[in-house]
Amino acid sequence: MNEVIRTLLNHRSFRRYRQEPVEPEMLKTIIKAAQAAPSWVNGQQVSVIAVRSEERRQRLSVLSGNQKHVAEAPVFLVFCMDFYRAKVAGELEGQPFEAAKDVDALLVGATDVGIALSNAIAAAESLGLGIIPIGGVRRHTAEVIELLQLPEYVFPVVGLCVGYPAEELPKKPRLPLEAVLHEEQYNPEVKSLIEAYNLAHRASLKEQGLTERDWSSTIAHFYTLNPQYGDAQHTLKRQGFTCDNLKN
């Protein structure tokens, strides 16, 4: 097993960090790794806002659902899907920018962000840093957009806490491979696999001294209480992503 695979398989999500800054060159390396990720038509539809200001991190912590680790991490990265540069490219070439009318722009932007985020995580972890992705930046996107002064066609998708870990954590068990890897076509018979995973999930929680609960219970509860997450249905349109083609 090589070092890349070992790093990927050893992932953990950290919520406690030492009060030690992340070196600027190290941060640049992480962002370069994110930039190196593939993107749709080489459009590079991703921008990253690095937030080091204690005041801004505190504000983003509140906007992300009062997640204190956002404020405590030395640097918080906000990954945005970015079609602003595509619009400027169109202006340079005398072409209109119409892509934001198509829902495919959302799929492209979110996918590009996800791939770039994955590269950034692998790079950070390979450098001995700890991370945790924060989807909570989508709770109050209007205020995040204002705070970070995001222009039209730029939208915050996910945040990433980065810093030196202040704790040791066990590795969380994952779903059985059979529940994720489907040969030739999708196999919907996953109930028994989820039931088996519930046992591993409960055992992991017990080992950490945490309240035992089935994974299926946690997920079912979340998606019952959160049918609509955040204010994106309003702010996407304000940022220019009208998805007009859905009406046709």
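Buried means under 20% relative accessible area, exposed over 50%, and partly exposed in between (1.4 Å probe, protein chains only). The model is predicted: local features need pLDDT of at least 70, side-chain atom pairs count only at pLDDT 80 or more, and totals for chains, interfaces and linings use all residues. Residues are numbered from 1 along each chain as its sequence is written, and side-chain values use heavy atoms, leaving out hydrogens and water.

**View A. Arg202 pairs up with Asp214.** Here Arg202 makes a salt bridge (a side-chain nitrogen of Lys or Arg within 4 Å of a carboxyl oxygen of Asp or Glu), with the closest N and O atoms 3.2 Å apart. Arg202 sits in helix 9 and Asp214 in the loop between helix 9 and helix 10, so the pair ties together parts twelve residues apart in sequence. Arg202 is partly exposed at 28% relative accessibility, and Asp214 is partly exposed at 25%. Glu212 joins in too: Arg202, Glu212 and Asp214 are linked in a network of salt bridges.

**View B. Glu25 meets Lys28 within helix 2.** Their side chains form a salt bridge at 3.6 Å, N to O. Both lie in helix 2 (residues 24-35), three residues apart, or about one turn of the helix. Glu25 counts as exposed at 53% relative accessibility, while Lys28, at 47%, is partly exposed.

**View C. Glu98 reaches Lys101.** The closest N and O atoms of this salt bridge are 2.8 Å apart. Glu98 is partly exposed, with a relative accessible area of 42%, and so is Lys101, with 38%.

Definitions and conventions: Helices (H or I, at least four residues) and strands (E, at least two) are DSSP runs, numbered from the N terminus.
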